[in-house]
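Student: Could we go through some side-chain features of this model, setting each label against its cut-off?

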Amino acid sequence: MQTPLKQTSLKLVALGLALTAAVPAMAQQASEGNWLIRGRAVHLNWDNDQSSGLPLGGTTKVEAQNRWIPEVDVSYFFTRNIAAELVLTYPQKIDIDVGGTKQGTIKALPPSLLLQYHFTDLGAFKPYVGAGLNYTRFYKRNNILSGAAEVEKDSFGWTGQIGFDYALNKNWSLNVDAKYVKIDTDVKLNGSKIGHVDLDPWLLGVGIGYRF
């Protein structure tokens with residue numbers, strides 16, 4: 001039977017061992033820095049799925065054109081493996097095709113917030129996965145078909161992510177990143193809803209990061 005003194009001693013030993021194991025990880029995180037800022041060139045590849053066909057006189061489709069955009073993200077590492085990432089860009093122009101012909105341009109601001117897990121035991125190669133939420137705000141949303149058609153102003157959806165950083169030195173790294181974002185909106189013609197578009201883009205990016 002263990003005495004209270006012996007039980008306390010065992011607990012102190014276990015706590016000491018845990019702290020000893022944690023010190024190298026904490027020291028490595030401190031040496032790497034908690035903050036990581038990346039700049040990326042990102043290709044927006046829209047899904048453009050339409051649940052209702054959007055019959056603007058037949059089966060005419062409303063589609064967003066694929067394009068490249070700049071992206072900046074800020075990550076904070078809570079531990080060596082767990083980080084939060086805020087993905088930002090400025091409001092982007094999106095050309096809208098109706099029946100294959102450009103019929104207007106809207107703007108969208110699509111920030112995302114993700115929680116990530118980073119794999120850190122592969123040397124300079126540091127892959128990660130993430131999941132989170134996206135909020136897209138549409139501007140100039142009635143600039144389609146000379147103002148006759150418009151999209152809804154907001155979209156909330158989930159986003160998933162996979163990518164990797166490759167460390168060049170203590171601070172700088174190369175980055176490759178892929179995200180799938182759930183973005184959908186209703187489309188109205190002359191004030192009446194005519195359908196729903198699931199934009200749901202893949203965002204494929206390459207860039208560079210700085211950790212401090």
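Student: What makes Phe164 partly exposed?

Tutor: Phe164 has a relative accessible area of 28%, and since buried means under 20% and exposed over 50%, with partly exposed in between (1.4 Å probe, protein chains only), Phe164 is called partly exposed. Phe125, at 33%, is partly exposed as well. This is a predicted model, in which local features need pLDDT of at least 70 and side-chain atom pairs count only at pLDDT 80 or more, while totals for chains, interfaces and linings use all residues. Residues are numbered from 1 along each chain as its sequence is written, and side-chain values use heavy atoms, leaving out hydrogens and water.

Student: Why is the aromatic pair of Phe125 and Phe164 called tilted?

Tutor: A search of the whole structure finds nine aromatic pairs. In the pair of Phe125 and Phe164 the rings are 5.1 Å centre to centre, with 50° between the planes. Rings of Phe, Tyr and Trp (its six-membered ring) pair if their centres lie within 6.5 Å, and planes under 30 degrees apart count as stacked, over 60 as edge-to-face and the rest as tilted, so this pair is tilted.

Student: How do you know that the charged end of Arg211 sits over the ring of Phe77?

Tutor: The charged end of Arg211 is 3.8 Å from the centre of the Phe77 ring; the definition asks for NZ of Lys or CZ of Arg within 6 Å of the ring centre and within 35 degrees of the ring normal, and Arg211 is listed as sitting over that ring.

Student: Which residues form one aromatic cluster with Trp35?

Tutor: Tyr76 and Phe78 form that cluster with Trp35.
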